[in-house]
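The sequence and the model are shown first, and the description follows.

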Amino acid sequence: MSNVAEKGHLPRIAVVGGGFSGASAAIQLLHRSPVPLAVTIIEPRAELGYGSAYSSDDPDHRLNGNLSVHLADPQDPDAFSRWCAREQIATRDPEAVAADGSMFVRRREFGRFIAESVQALSRRAPVPITHLRDRAIDLIGEEALTVVTQRGTQVPTDLLVVATGNSMPRLPAAFAPTLTGHPAVIAAPYDLARIRAISKEARVLVVGTGLTALDVISTMVRAGHGGTITAVSRRGLRPRPHRPVDAEPSKTTLLERIDGPIAPFVLGAGTPPTARKLLRALRRRILEVEATGGRWFVPFDELRDPLWQTWSSLDVQEKRRILRHLRPWYDVHRFRAPPQNDAFVREAEAQGRLQFRVARLCSVDVGASGDAIEVELIDRYASVPRRLTFDAVVNCIGLDFAQGMAANPFLAAMKRRGLLAIDPTGIGIFVDDRCRPIGAEGRPHQRIRLIGPPTCGAFGDPLGAIFIAAQIQRSVPGMLALLGPRRPLD
Ligand SMILES: Cc1cc2nc3c(=O)[nH]c(=O)nc-3n(C[C@H](O)[C@H](O)[C@H](O)COP(=O)(O)OP(=O)(O)OC[C@H]3O[C@@H](n4cnc5c(N)ncnc54)[C@H](O)[C@@H]3O)c2cc1C
């Protein structure tokens with residue numbers, strides 16, 4: 001891959017973040033551009049495409065959907081299936097094939113597919129993609145933008161794509177501040193080395209019961225953890241397992257549904273809907289579907305697929321109400337457990353190695369010995385708190401974009417310069433319907449696009465690979481128009 005300076009006067013695109021979103025943006029822009037582009041991806045990891053989502057080398061960390069919802073470019077939705085067949089994934093990893101024949105591939109394999117897709121495209125492109133292995137820390141200029149990296153490289157650009165991805169979980173308020181950095185508290189559950197280093201006899205508390213918690217539990221159980229594992233969450237909701245593949249929409253259908261019409265039951269809740277009416281309409285639709293032998297998944301999918309359209313029409317207060325009342329239920333139906341992982345965790349539960357507990361954490365603090373962690377929690381329907389002692393605590397909740405923004409030097413610098421603000425819902429970065437960040441002055445920046453998970457405040461659920469790829473597909477024409485010769489800024 002080439003050097004930044006060699007690229008002359010071609011339209012220049014800088015992508016900050018080379019995980020799935022940054023890689024898919026580069027792929028789609030290069031595929032659709034009628035002219036050669038000089039694309040630079042700034043990403044500290046050794047390879048592009050893996051990001052934080054697809055880097056795990058744990059064999060039990062699988063994609064949370066089958067092949068049909070994992071793609072790099074919506075214009076070639078079968079590429080990943082072809083790649084899996086070519087790589088003989090089903091032979092090399094027979095466990096990937098679920099009972100109904102659908103495949104739940106290891107996450108790292110999907111990362112490899114994206115990495116190879118970028119490399120292949122870079123080789124074919126008139127100008128190879130530059131992977132600048134560094135971290136972006138600042139952005140200077142107003143109209144003419146320049147990204148500054150940690151090692152001091154300056155990357156001038158005509159278009160900046162910010163794809164900094166998932167933020168790190170934040171310790172919940174019940175944790176004593178002194179626990180930050182404590183050796184028995186793992187605040188970032190993707191730190192596999194620390195999860196694997198937990199003593200086999202340790203009494204472990206996993207805070208949260210979502211997909212991340214299931215990953216962490218799988219890692220410990222597979223490693224032969226002999227101590228007790230307690231997973232706690234307030235509502236006791238767990239990701240639902242996938243339904244059989246023949247009940248899943250086909251790939252093309254799902255892509256069509258993302259950009260297709262809003263479901264009649266959602267429209268029936270008003271335009272725009274209120275949280276209260278939407279909740280009622282969803283309940284009615286669930287009853288209707290169940291009465292005809294269908295499952296809960298159907299209405300949740302009908303809501304999810306074109307959610308970006310519904311969500312962007314909602315008033316901020318209504319969005320907040322939905323996040324408060326509907327989101328926990330939405331999440332467990334939307335983020336489904338790979339069947340292998342679900343079965344593995346249930347087996348550990350049946351063997352008594354793992355216990356799920358519905359409780360509210362009151363306090364988490366260092367015990368008198370200084371090593372163990374004392375936890376006070378109130379079980380559901382109980383009125384008196386209970387004290388429990390653990391040797392290790394793994395935090396699997398609290399993805400926090402506000403904190404993520406402060407912790408990421410590039411986003412912090414953009415905020416300082418008035419180019420970024422937290423979305424009014426509090427769950428992402430404020431962008432308009434074209435993914436342009438709205439800064440301190442309330443105006444969108446013409447030459448910057450934000451994509452992927454940080455845009456959840458504006459689009460509701462731009463979190464799964466297929467939804468991000470579809471979001472990028474919608475944004476690409478606007479990005480390319482901006483780079484065209486003598487196009488005035490709108
Ligand atoms: C653990 C996990 C598992 C998931 N599993 C699935 C799944 O199975 N299927 C699915 O559809 N979705 C899954 N998701 C959802 C996931 O958000 C998307 O699929 C997608 O991977 C998001 O990609 P991203 O590039 O936006 O973010 P990330 O994967 O978080 O990557 C962001 C990248 O940006 C880089 N970066 C950040 N700041 C800077 C900076 N200042 N300078 C340079 N680089 C920077 C980081 O190093 C990182 O590589 C998962 C998410 C997580 C966290």
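Ala136 has Thr149 in β5 as its bridge partner. This bridge belongs to the pairing of strand β4 (residues 136-140) with strand β5 (residues 145-149), which is antiparallel and extends over four bridges. The model is a predicted one. Between β4 and β5 the hairpin has four residues, and Gly141 there adopts a positive phi near 95 degrees.

Strand β5 also pairs with strand β6 (residues 154-157); the two run antiparallel and are joined by four bridges. Here Leu145 has Thr157 in β6 as its bridge partner. These strands likewise form a hairpin with four residues between them, and Gly152 in its turn has a positive phi of about 95 degrees.

Another pairing involves strand β9 (residues 204-207) and strand β10 (residues 229-233), which run parallel and are joined by four bridges. The bridge partner of Val204 in β10 is Ile229. Within β9, Val204 and Val206 point one way, whereas Leu205 and Val207 point the other way, and all of them are buried.

| Strands | Sense | Bridges | A bridge pair |
|---|---|---|---|
| β4 and β5 | antiparallel | four | Ala136 and Thr149 |
| β5 and β6 | antiparallel | four | Leu145 and Thr157 |
| β9 and β10 | parallel | four | Val204 and Ile229 |

The description now turns to a helix. Helix α18 comprises 19 residues (residues 465-483), and at 1.5 Å a residue it should span 27 Å; the C-alpha atoms at its ends are 26 Å apart, so the two values agree. The helix has a kink of about 40 degrees at Ser475, shortly before the proline Pro477. Ser475 is among the buried residues of α18, which also include Phe467, Ile468, Ala469, Ala470, Met479 and Leu480.

Pro74 lies in the loop between β2 (38-42) and α2 (79-86). Is Pro74 buried or exposed? It counts as buried because 20 other C-beta atoms lie within 10 Å, and a residue is buried if there are 20 or more. Apart from its neighbours within four places in sequence, Pro74 is in contact with Leu255, Ala469, Ala470 and Gln473. Pro74 and Thr274, which are 200 residues apart in sequence, are 32 Å apart in space, C-alpha to C-alpha.

With neighbours within four places in sequence left aside, the contacts of Pro306 are Arg257, Ile258, Gly260 and Ile262. Leu255, one of the contacts of Pro74, is 51 residues from Pro306 in sequence and 9.5 Å from Pro306 in space, C-alpha to C-alpha.

The last topic is the ligand. There are 33 residues around the ligand, and Gly17, Gly19, Gly51, Ala53 and Gly165 come nearest. Helix α1 (20-32) and helix α18 each supply at least two residues of the shell, and the largest share, three residues, comes from α1. By residue type, the shell divides into 14 nonpolar, 15 polar and four charged residues.

Terms used
Residues are numbered from 1 along each chain as its sequence is written. This is a predicted model: local features need pLDDT of at least 70, side-chain atom pairs count only at pLDDT 80 or more; totals for chains, interfaces and linings use all residues. The expected span of a helix is 1.5 Å times one less than its number of residues. The bend at a residue is the angle between axes fitted to the seven residues ending there and the seven starting there. A residue is buried if 20 or more other C-beta atoms lie within 10 Å of its own, exposed if 12 or fewer, and partly exposed in between; C-beta atoms are placed from the backbone. Two strands pair if DSSP finds at least two bridges between them. A residue is near a molecule or strand if its C-beta atom, placed from the backbone, lies within 6 Å of it. Ala, Val, Leu, Ile, Met, Phe, Trp, Tyr, Cys and Pro count as nonpolar, Asp, Glu, Lys and Arg as charged, and the others, Gly among them, as polar. Two residues are in contact if their C-beta atoms, placed from the backbone, lie within 7 Å.
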